[in-house]
Amino acid sequence: MAQRTPSGALRDRRGRSASGTRLWTWLMLPGTLWMTGFLIASLILVATLALGTTDPLGNPRFGFNFANIAAMADPAYRIVLLRSLGFALIACAVCLVVAYPVAYTIALHGGRFKNLLIAAIVVPFFANYLVRMYGWSVVLSDGGPVLRALRAVGLADAHTKILQSGTGVVAGLVYGFIVFMIIPLYAALERMDLSLIEAGRDLYGGPLRTFFFVTLPATRQGAAAGAVLVFLPAMGDFVSAQLMGGPDQIMIGNLIQDKFFQGQNWPLGSALTMLMMAVLFIGMLGYLRRTRKDEAEAAR
Amino acid sequence: MSPEEPPPVSRRALLRSGAAAALGAGLAGCGFLPEDRDAFGDPDRPIDVKADGDLVYFNWADFVAPAVFDGFEKEYGVKVVQSNFDSMEGMAAKLNAGNRYDIIFPTAKWAQRLADGGRLRRIDHSRLRHAGAVFGTYRYFADPWYDRRSAHTVPFTMYKTGIGWRKDRIGDDLTGSWKDLWNARAKGQVFVLDDRDEVLGMAALRLGLDVGTSDPRDLARITATLQSLRPRLRGFSSDSYNNLLNGNAAMTQAWSGDMAAMLGQAKDPSVLGFEVAREGAPINSDCYAIPANARHPGTAMLFIDYMLRPENVRKNIRYIGYPMPVGGSEDVYASIVKPFPQCLVSPDDLKADLFFRNVSPAGEQARDTAWTHVKAG
């Protein structure tokens, strides 16, 4: 008996925490089931379909051929993939620069209007993205109100155009996804201990130095989360390039959409999807490594 | 009752087809569908032309005048249950998923695929009182390439592909060739349709090749020709209607139906022009068809006959702006598109036979790769 006491005590402690763990396991069950059912299962479907073929009516059929994977070697896909990567990264950077002051102002100077201001930013995003972008494509068209006004005051000539340019596509992406940057930044700034800023000032840091050496590092994780939230959908987006872009701005999302709809080649579309996800996964690995390092530093 | 009337469905067959339909609905578009003809019914059973229930109608949005629907509902005491598709691929996916419609409107290419796949009911033209105006005048449709003897279809509308342009920006006259898309004055303001067949077909016609070629050497020449157009392009877009009206396009490859619709919408239609290239204009048509698994094929037959009545043809042409191959209706369409006489589709146009056809899977893939290269640059 005596020898067993320590291990018994251990078991007891473990048992208690195990019942707690069990509760949390149960609570996680619905979410896990949901993710397994709709995310993992559909991912597996896409992955297997990448090896499939199509029948004469355009129905995808499962199979085991590597033609779609081999087709990925076409340089056209590499060019478009790199372009999408570039657009998504630029959109991320622009979002960060535009969103930071907005989040900062609302979090630190919003006072009692904080929630109202955040709502004012979020509510328009309830309207369908496609519809809003379609609206923009009309407003920014050559004969649209914006260019007409600019021409009237002499800021544009007959050849100035906004649509069908790289700037147009990036602007569309920024417009579409900036709310995903503002919210995490706002949350980070809101949570930040304001005495840190005071401390920075007490240590003779000017407003700029305090911002760059205190505020910015303290909200780094919010910015990183925002960057991921903007980057992922921007990378796969096709609406912006479709409505705001020209022939030289086509993104990987457009090609994938083409394969699934017009081309009726679901297997090739699936293979392209897997290729894009592989690229995104590598990017995500970098992000996860970085956050783990951050957490480790914070724990120290 | 006709002697060919099929025996009443056995309970087991009913259960089996029910299960197949449920399975089909559950696995919509996933490619697990069993190749089971029973699930879609026997396409060759003759149809009794009598109202056998409400009409479940599946078409592009706004493709029949509402007044015509009202008249049909009133006359036959049935309801028209409408749903719409936004692409042929979308339509096929819905059908493949086991959805049941009484009447659908596939394009020629899709009619062939569906008929070959045993998905369309046989339509006996002799049971349609007004079919004579179609098949008698437009002989082409008596035995079209997509459906032997039009055994499963009745043609509905037709259209051509040409070039629409802004006369106020480019001038009144073009040369009447597909080369006009390379016009220096339009540089940077040219759109082509966001449609694989149309764009590859346009370049093929310019080069004097077969409009739907899938020969690798032809496709290489087509891709090269389109690469020379690319720097002049502003985009790939099938929204010719808005692109011309809002000024983004000075010139665009365009479908005749869109141009006809623009005549009613433009503030000043005289600034618009539409030409058909002398190298040839791709032509297309769509048709009425009854899916093999339709629940109310009798009502569908009544509907087709009703739609072919001269007064309803005229109402529909005025409403949708597309010509129909119905003898005696040509004057209505001609008066709508008076400024763009090239929108008219004559029996001679049909004889030129520049339809986009189904090609082999390998050819399909070759065309798809060429299109990816054209688009991605």
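Me: Where in chain B does B:Ser329 lie?

Reply: B:Ser329 lies in the loop between α13 (310–320) and α14 (330–336) of chain B. Helices (H or I, at least four residues) and strands (E, at least two) are DSSP runs, numbered from the N terminus. The model is a predicted one, in which local features need pLDDT of at least 70 and side-chain atom pairs count only at pLDDT 80 or more, while totals for chains, interfaces and linings use all residues. Residues are numbered from 1 along each chain as its sequence is written, chains are lettered from A and ligands numbered from 1 in the order in which they are written, and side-chain values use heavy atoms, with hydrogens and water left out.

Me: Why is B:Ser329 called buried?

Reply: Buried means under 20% relative accessible area, exposed over 50%, and partly exposed in between (1.4 Å probe, protein chains only). B:Ser329 has a relative accessible area of 3%, and is therefore buried. Contact means heavy atoms within 4.5 Å; not counting residues up to four places away in sequence, B:Ser329 touches B:Val313, B:Arg314, B:Ile317 and B:Met324.

Me: What makes A:Ser84 count as buried?

Reply: The relative accessibility of A:Ser84 is 0%, so this residue counts as buried. A:Ser84 has its place in helix α3 (residues 75–109) of chain A. With residues up to four places away in sequence not counted, A:Ser84 touches A:Met235, A:Met251 and A:Ile252.

Me: Why does A:Arg61 count as buried?

Reply: A:Arg61 has 19% relative accessibility, and therefore counts as buried. A:Arg61 belongs to strand β2 (residues 60–61) of chain A. Between A:Arg61 and A:Leu51 there are 9.2 Å in space, C-alpha to C-alpha, and the two are ten residues apart in sequence.

Me: How do you know that the buried residues of α4(B) line one face of the helix?

Reply: The buried residues of helix α4 (residues 88–96) of chain B are B:Met88, B:Glu89, B:Met91, B:Ala92, B:Leu95 and B:Asn96. Seen down the axis of α4(B), they fall within an arc of 160°, so they line one face of the helix. The arc is that of the directions from the helix axis to the C-beta atoms. After α4(B) comes B:Gly98, whose phi is positive, near 95°.

Me: What makes the contact of B:Asp349 and B:Lys160 a salt bridge?

Reply: A salt bridge is a side-chain nitrogen of Lys or Arg within 4 Å of a carboxyl oxygen of Asp or Glu. For the side chains of B:Asp349 and B:Lys160 the distance is 3.1 Å, N to O, and they meet in a salt bridge. B:Asp349 lies in helix α15 (residues 347–352) and B:Lys160 in strand β4 (residues 153–166), both of chain B, so the pair ties together parts that are 189 residues apart in sequence. B:Asp349 is partly exposed at 24% relative accessibility, whereas B:Lys160 is buried at 6%.

Me: How do you know that B:Asp353 forms a salt bridge with B:Arg357?

Reply: The closest N and O atoms of B:Asp353 and B:Arg357 are 2.5 Å apart, and the pair forms a salt bridge. B:Asp353, with a relative accessible area of 26%, is partly exposed, and B:Arg357 is partly exposed with 33%. Side chains of opposite charge can pair when their charged atoms come close.

Me: What separates B:Lys351 and B:Asp348 along helix α15?

Reply: These two residues, B:Lys351 and B:Asp348, are three residues apart in helix α15 of chain B, about one turn of the helix. Their side chains meet in a salt bridge at 3.6 Å, N to O. Both B:Lys351 and B:Asp348 are exposed.

Me: How many salt bridges are there over all chains, and which residues are linked in a network?

Reply: The count comes to 23 salt bridges over all chains. A network of salt bridges links A:Lys259, B:Lys109, B:Arg196, B:Asp197, B:Glu364, B:Arg367 and B:Asp368.

Me: How many of the residues lining the second largest cavity are charged?

Reply: Six are charged, two are nonpolar and one is polar. Ala, Val, Leu, Ile, Met, Phe, Trp, Tyr, Cys and Pro count as nonpolar, Asp, Glu, Lys and Arg as charged, and the others, Gly among them, as polar. The lining includes B:Lys109, B:Arg196, B:Asp197, B:Glu364 and B:Arg367.

Notes
On a 1 Å grid over the protein atoms alone, a cavity is a set of points where a 1.4 Å probe fits but cannot get out, and a pocket is an open set with protein on both sides within 12 Å along at least five of seven lines; lining residues have an atom within 4 Å of a point.
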